[in-house]
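Here is a briefing on one protein model.

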Amino acid sequence: VIPDLEQHKPGLLSQLLKKAGEIGLLGGGVPDEYGGADLDKVSSVQLAEKLSAYASFGVSHGGHSGIGTLPIVFFGSAEQKKKYLPLLATGEKLAAYCLSEPQAGSDAQNSRTRAVLSPDGRSWILNGQKMWITNGGFADVYIVFAKVDGEKFSCFIVERGFPGFSAGAEEKKMGLKGSSTTALFFENCQVPRENLLHEVGRGHIVAFNILNAGRFSLGAYCTGGAKCTLEIASKYAKERFAFGKPIGNFGLIRAKLGEMAIRIFAVESMIYRSAGLMDRAIAAAGENADKSQQSMKVFEEYAIESSISKVYGSELLDFVVDEAVQIFGGYGFHEDYPVARAYRDSRVNRIFEGTNEINRMLIIQMLMKRATSGALPLMQAGAKLREEILAGPSFEEPPSGPWSDEERILAGVKKAFLLVAGAALEKYRDRLADQQEVVAALSDMVMECYAIESSLRRVQKAEAAHGAAGVTVMADAARVFLH
């Protein structure tokens, strides 16, 4: 099937997505009242991981069931939900998310697509172009962003059959060749007035909240892809002989496989920790709360963790596929072997859903915003650290126990971040955002801190449940990663 998908056999990918819908794999984020599975976040991560073995299908699945469907789940009117969600949950209709334009990628609100109300007040008339749209060639329902009267950034539900809508030819991409990526064109496209999604001028609220959800899911897809690639590379290392023995017996190959596994463990720890915290926050709202609205609020609350998931997950996958090609040697450079495709497919993850550069900026911007508003006690922690430094060295006995060294590492990482962040704020104040190199370095420190703490807490929790003897491999991975 994969060779046919890579060659864009007509209708094959959309058929597979529809089959996925028939067995309930497309409605994870859709409430059960509309025929969805209404999965919790931990289950959603597990599903994303399993569907990522073939990246082109994974990204198509995410383009439909994630960023293509969730805008209606989170922001749709009762009528819009009733009309579209049952069809999207079962795959009878397939969806796409349409934000990027030829001149507006990272700067999404610089959209040139325009919408005006028709003279009779019955329709929105859209004119413009969208670019790099996943599922663009076969989707039935499109979530489209445009500026009403050229000023108010808004969102619309557009159907393939609406007059004035057309999709371009398939793009010739470096990777993800099995997925559909096209431009879309709107030439006096007539969209019923009731297909405005949310409110006029509030499209950025839709876009940013959906991107938070998409970024989090992308980290899960990348983790699943990394696991699959590690499995392929491990198997090859056992089967490929050189100098009379399997290459997996050589130290440098074992080191590569070990480092791949260690980094996967760290990213997996972060993503499932975030998913569990999100589920806990949704549950805390009570049974009577609107679960969809609560889920949206939680994604907004965990926007920093979502950006971390996206950046750290995509860079993990790039590392893993690169090492896998090296393990395969010359065969890794050959298209008949799966790691060549994995290498090509991986690269775009650092670009879409907001480039990793944009997300690094966002992590610190969101962190500082919460700190200055008092929602996060960052300033208090910084002041406490300054007092500790001024007080001089402590002669207290350091903490003891099996993880005392690692606890000291974690505490040191947090203090290092607070020290550097405090110095940066003191020097640049409201101009910090302009110092992009400094902000990116701070962002890397935040991500490493979250990875370290997540790995440590996970293994400690596992030891408490199963005993140290039952989690030795996990403990080894955590220790190597922390040190």
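Buried means under 20% relative accessible area, exposed means over 50%, and partly exposed lies in between, with a 1.4 Å probe and protein chains only. By that rule E268 is buried, because its relative accessibility is 14%. This is a predicted model: local features need pLDDT of at least 70, side-chain atom pairs count only at pLDDT 80 or more, and totals for chains, interfaces and linings use all residues. Residues are numbered from 1 along each chain as its sequence is written, and side-chain values use heavy atoms, with hydrogens and water left out. Helices (H or I, at least four residues) and strands (E, at least two) are DSSP runs, numbered from the N terminus.

**Salt bridges**

- Side chains of opposite charge can pair when their charged atoms come close.
- A salt bridge here is a side-chain nitrogen of Lys or Arg within 4 Å of a carboxyl oxygen of Asp or Glu. The count by this rule is 19 salt bridges.
- E268 pairs with K227 in a salt bridge, with the closest N and O atoms 2.3 Å apart. The pair links distant parts of the chain: E268 sits in helix α8 (residues 251–284) and K227 in helix α7, 41 residues apart.
- The two ends differ in cover. E268 is buried at 14%, whereas K227 is partly exposed at 28% relative accessibility.
- K256 and E323 also meet in a salt bridge, at 3.2 Å from N to O. This pair again joins distant parts of the chain, with K256 in helix α8 and E323 in helix α10 (residues 303–328), 67 residues apart. E323 counts as buried, at 13% relative accessibility.
- R360 forms a salt bridge with D444, and their closest N and O atoms are 2.8 Å apart. R360 belongs to helix α12 (residues 356–373) and D444 to helix α15 (residues 436–466), so distant parts of the chain, 84 residues apart, are linked.
- R360 is buried, with a relative accessible area of 14%. D444 is partly exposed, at 31%.

**Aromatic pairs**

- A pair of aromatic rings is described by the distance of the centres and the angle of the planes.
- Rings of Phe, Tyr and Trp (its six-membered ring) pair if their centres lie within 6.5 Å; planes under 30 degrees apart count as stacked, over 60 as edge-to-face and the rest as tilted. The whole structure holds 11 aromatic pairs.
- Y97 and F145 are edge-to-face, at 5.4 Å centre to centre with 70° between the planes. Y97 lies in strand β1 (residues 95–98) and F145 in strand β4 (residues 141–148), 48 residues apart.
- Y97 is buried at 8% relative accessible area. F145 is buried at 0%.
- The Y236 and F328 pair is stacked, because the ring centres are 3.9 Å apart and the planes lie at 15°. Y236 is in helix α7 and F328 in helix α10, so the pair ties together parts 92 residues apart in sequence.
- Y236 and F328 are both buried. One aromatic cluster is formed by Y236, F328, Y331 and Y337.

**Around I232**

- I232 is in helix α7 (residues 203–239). Its relative accessible area is 27%, so I232 is partly exposed.
- Contact means heavy atoms within 4.5 Å. Setting aside neighbours within four places in sequence, I232 contacts F328, P338 and V339.
- I232 and V339 are 107 residues apart in sequence, yet 8.1 Å apart from C-alpha to C-alpha.

**Helix α14**

- Helix α14 (residues 404–428) has 25 residues and reaches 36 Å from its first C-alpha to its last. That is close to the expected 36 Å, where the expected span is 1.5 Å times one less than the number of residues.
- The buried residues of α14 are S404, E406, L410, F417, L418, A421, A424 and Y428. They pack against α12, α13, α15 and α16 (472–482).
- R429 follows α14 and has a positive phi, near 50°.

**Nonpolar surface**

- Patches are made of residues with over 30% relative accessible area and no salt bridge: like charges are joined within 9 Å, and nonpolar side chains (Val, Leu, Ile, Met, Phe, Trp, Tyr) within 5 Å. Areas come from the Shrake-Rupley method with a 1.4 Å probe; for residues, only the protein chains shown count as cover.
- I389, L419 and V420 form a nonpolar surface patch, with about 250 Å² of accessible area together.
- I389 is in helix α13 (residues 378–390). I389 is partly exposed, at 47% relative accessible area.
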